[in-house]
Amino acid sequence: MKEITCKLLIVGAGPGGYVCAIRAGQLGIDTVVVEAKKPGGTCLTVGCIPSKALIHAADEYEKIVHMAAGKTPLGISLANPAIDLKRTVAWKDAIVGRLTNGVAGLFKKAQVKSVHGWAKFRDGKTVEVETETGTQTIRAETVVIATGSAPVELPFLPFGGPVISSTDALALSEVPAKLVVVGGGYIGLELGTAFAKMGAKVTVVEALPRILPAYDAELTRPVAKRLTELGVEVLTGAKAKGLNAKKDALLVETSDGKEVAVHADKVLVAVGRKPLTEGWGLDELALDMSGKFIRIDDQCRTSMRGVFAIGDVTGEPMLAHRAMAQGEMVAEVVAGKKRSWDNQVVPAVCFTDPEVVTAGLSPDEARALGREIKTGLFPFQANGRAMTMLGEEGFVRITARADNHVVLGIQAVGQGVSELSAAFSLAIEMGARLEDIAGTIHAHPTMSEAFPESAMRALGHALHI
Ligand code: FAD
Ligand code: NAD
């Protein structure tokens, strides 16, 4: 097979790799991207998008089940709701198909060459790709490693049989009657909540004393409350030990040291993700590592000349929008533009019920850094739009420097607050002060009015509380 030579070679077409390829193509760089599966990576095929599709379907279903049970004050009644998970999953797959085809189309438009197969590095400039038609050698001046991440497997609960990963959970053909989720982090709670809404009896087993331990307790309290309302049992400070002999229950050591068997049709293990650093010839490269991840500098350069790395393989936060921002930046660096990572904030959203958004520092994190701060919290209970949507649970909370009022961080928990992440990031990235946010007119009636109110509260003069 004829060797390909190019200026830029990208290994992996997840959000990091595919964005890097599109931008490089736009900049006129002769670019080749290699992907073993579908363009779009974890995010489009088995991550962000499919999970949000199932979460949306589950939200809709739970709402009508709630109405059918005569529990809504909205005056709506209906009967016998049902969900056919096979059709829900087929709908989700159609969305995934549209998006992965869309990325392939964007490669063509940007004149990026796409090679389908598994790439292995021979050296820092050369890879060999196992394609359907043979081995393709590709040589490049510059390479970008964007191989992403994979679910962590617990040695005493290997994937297979009733033990499933998030990828399997997104492709089930029926709702398990009893689902045990090991790990009360992003995936465990997003998918655990969705399955509870679709009718599963869900138990979450979390090793640490709190769910979503990356966030503070004030922020996660409304999520914990809603899990209880949905009938989800949460065992914190609990250790999963393995399946019982009949493989129909998970043995768990609870926080008080007792061993209990929690019956399960499926056990979803969601205890984190690990960088994908095996199977593609990392050993052929002399890369410095930072723990399990590839070490990068503020331009995503690795310790080898001409080798960049982006996305989950480079560390936390393992989020699609960080990978995309790195990919876009690297393409511009390769094109000779002056770029480096100078972002103030990578926002994060957890699509639980209610949703959680964080951008920048929490009050505790700011204090821990020795900052003198002002904080303001505005509850949705005092927001008219929230009342009209039965969404009074939660709040917007802002933290600013005490001396000049520059905003350091904003968090929110509440119905649909994921969309507020845009305003939060923009405010921090633009160096907004409390007065800027308090002085910006926010349309009425919207949930977003809680944002300037939180700033006014930090300044000591909230209007609606
Ligand atoms: P990946 O998306 O993992 O892509 C890497 C690609 O490289 C893969 O397609 C792989 O096949 C390919 N590849 C690897 N090695 C080779 C090789 N040697 N040859 C050829 N191809 C190779 N993040 C968010 O920001 N928001 C969310 O809501 C969100 N939800 C998620 C839900 C779930 C269930 C999961 C699992 C993850 C979620 N994430 C979310 C995380 C997000 O998916 C990742 O952060 C993101 O996909 C990382 O992008 P990446 O480009 O680094 O790698
Ligand atoms: P996570 O790090 O969010 O949560 C893992 C949880 O498992 C933690 O709470 C941890 O304390 C717990 N845990 C670890 N070992 C355990 C054990 N043996 N028994 C019980 N609990 C244990 O990881 P995740 O949920 O697998 O998600 C992986 C990554 O994917 C996230 O960190 C995030 O970067 C990304 N993701 C993002 C989103 C989003 O942005 N909305 C959604 C899903 C996934």
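Me: I'm new to this one. Which of the 37 residues around ligand 1 come nearest?

Reply: Start with the atoms that approach the ligand. In this predicted model, the nearest are Glu35, Thr42, Lys52, Asp312 and Ala320.

Me: How do I read polar contacts here? What lies 2.6 Å from an oxygen atom of ligand 1?

Reply: Look for pairs of N or O atoms within 3.5 Å. Here a polar side-chain atom of threonine 42 sits 2.6 Å from a ligand 1 oxygen atom. The backbone can take part too: an N or O backbone atom of aspartate 312 is 2.9 Å from an oxygen atom of ligand 1, and one of methionine 318 is 3.1 Å from an oxygen atom of ligand 1.

Me: What is the shell made of, by class?

Reply: Sort the residues by class and you get 18 nonpolar, 14 polar and five charged ones around ligand 1.

Me: Now threonine 88: is it buried or exposed?

Reply: Check the relative accessible area; buried means under 20%. Threonine 88 has 10%, so it is buried. This residue lies in helix α4 (residues 85–109). Leaving aside residues up to four places away in sequence, threonine 88 touches Leu54, Ala57 and Ile83.

Definitions and conventions: Residues are numbered from 1 along each chain as its sequence is written. Chains are lettered from A and ligands numbered from 1 in the order in which they are written. This is a predicted model: local features need pLDDT of at least 70, side-chain atom pairs count only at pLDDT 80 or more; totals for chains, interfaces and linings use all residues. Side-chain values use heavy atoms; hydrogens and water are left out. Helices (H or I, at least four residues) and strands (E, at least two) are DSSP runs, numbered from the N terminus. Buried means under 20% relative accessible area, exposed over 50%, partly exposed in between (1.4 Å probe, protein chains only). Contact means heavy atoms within 4.5 Å. A residue is near a molecule or strand if one of its heavy atoms lies within 4 Å of it. A polar contact is a pair of N or O atoms within 3.5 Å; within protein, one must be able to donate a hydrogen and the other to accept it, and residues adjacent in sequence count only if both atoms are side-chain atoms. Ala, Val, Leu, Ile, Met, Phe, Trp, Tyr, Cys and Pro count as nonpolar, Asp, Glu, Lys and Arg as charged, and the others, Gly among them, as polar.
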